[in-house]
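Trainee: I should like to learn how to read this model, beginning with a loop.
Mentor: Let us look at it together.

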Amino acid sequence: MSAADRLTDGLYGLGWSTVKRLPEPVAARLGRTIADLAWKKRGKGVLRLESNYARVVPGASPERLAELSRAGMRSYLRYWMESFRLPAWSPARIDRSIEIKDLHHLTDGLAAGKGVVLALPHLANWDLAGAWVTTRLNTPFTTVAERLKPETLYDRFVAYREGLGMEVLPHSGGSAFGTLARRLRDGGLVCLVADRDLSASGVPVDFFGAAARMPAGPALLAQQTGALLLPVTLWYDDSPVMRGRVHPPIEVPESGTRAEKASVMTQALADAFASGIAEHPEDWHMLQRLWTDDLDPAKGPA
């Protein structure tokens with residue numbers, strides 16, 4: 001392991017071991033301080049965040065984009081501070097931290113016994129939402145995690161999410177789809193963050209008026225297993241409570257090839273994601289390239 005990898009792994013380990021012990025107001029102030037320092041440095045992640053926000057808020061002035069990116073970094077660090085503290089939160093603490101609209105789409109789908117796929121963008125704190133599902137709804141679920149470098153950091157994330165009641169599968173390796181399909185056929189729940197394609201073979205979509213690619217997995221799983229496909233969007237407000245909405249089911253088209261159906265369904269997912277991101281752009285933590293014409297490394301920060 002390189003020195004940089006050891007440092008990265010050590011910093012995350014320090015977060016999970018130390019931040020969760022801080023008083024909540026202290027942790028919140030620490031997160032805002034780190035966010036503001038990162039924002040002032042104007043590094044690659046902040047510049048990419050502003051570039052992405054420029055797509056979401058067309059016509060925004062440079063001053064407005066700077067305001068959004070500062071708020072976005074604060075939201076992003078709120079996510080991290082909460083995530084570092086989540087393993088120490090009681091079920092009651094988790095329960096009072098979330099309010100979800102239109103939850104009946106999820107509970108009715110689970111009651112039907114056909115399986116449910118929840119698909120989310122990188123909005124607010126999806127780990128907290130997952131912990132709420134496993135505690136308040138008493139429903140375990142399966143998810144997929146990107147293989148991070150170093151391997152020890154990936155192991156930390158798996159252990160953290162498994163500790164919150166999730167079954168975690170590696171994104172690479174080729175066996176995740178089959179396992180997810182089996183869970184759904186058994187009437188289970190699958191949750192996938194699905195606004196960024198990690199496979200380079202995603203489905204083309206129109207996203208805020210420009211071409212992007214998003215993973216076909218949620219649509220293909222729903223097609224293959226008969227599971228319900230539900231978009232979910234999350235956001236913060238000025239309170240300690242995270243808000244969320246379960247959107248209406250995305251139906252499988254009656255005609256077309258498997259690929260054509262997946263394309264239609266993934267576009268519907270992209271549209272649902274866009275509606276939530278447009279309402280709360282500062283809570284969209286997309287510090288990487290997403291749109292097709294941004295993917296050329298020569299065009300700027302990642």
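**Loops, burial and a helix**

Mentor: F208 is found in the loop that joins β6 and β7; helices (H or I, at least four residues) and strands (E, at least two) are DSSP runs, numbered from the N terminus. This is a predicted model, in which local features need pLDDT of at least 70, side-chain atom pairs count only at pLDDT 80 or more, and totals for chains, interfaces and linings use all residues. Residues are numbered from 1 along each chain as its sequence is written, and side-chain values use heavy atoms, with hydrogens and water left out.

Trainee: What is the phi of F208 near?

Mentor: Phi of F208 is near 55°, a positive value in a residue other than glycine. R42, in the loop between α2 (24–41) and α3, likewise has a positive phi, near 60°.

Trainee: Which accessibility class does F208 fall in?

Mentor: Buried means under 20% relative accessible area, exposed over 50%, and partly exposed in between (1.4 Å probe, protein chains only). F208, at 24%, is therefore partly exposed, and R42, at 36%, is partly exposed as well.

Trainee: How far apart are the end C-alpha atoms of α11?

Mentor: The expected span of a helix is 1.5 Å times one less than its number of residues. Helix α11 (residues 258–279) has 22 residues and should span 32 Å; its end C-alpha atoms are 32 Å apart, which agrees.

Trainee: What do the buried residues of α11 pack against?

Mentor: A contact means heavy atoms within 4.5 Å. The buried residues of α11, among them M265, L269 and F273, pack against elements including α3 (44–56), β2 (116–120) and β8 (228–236).
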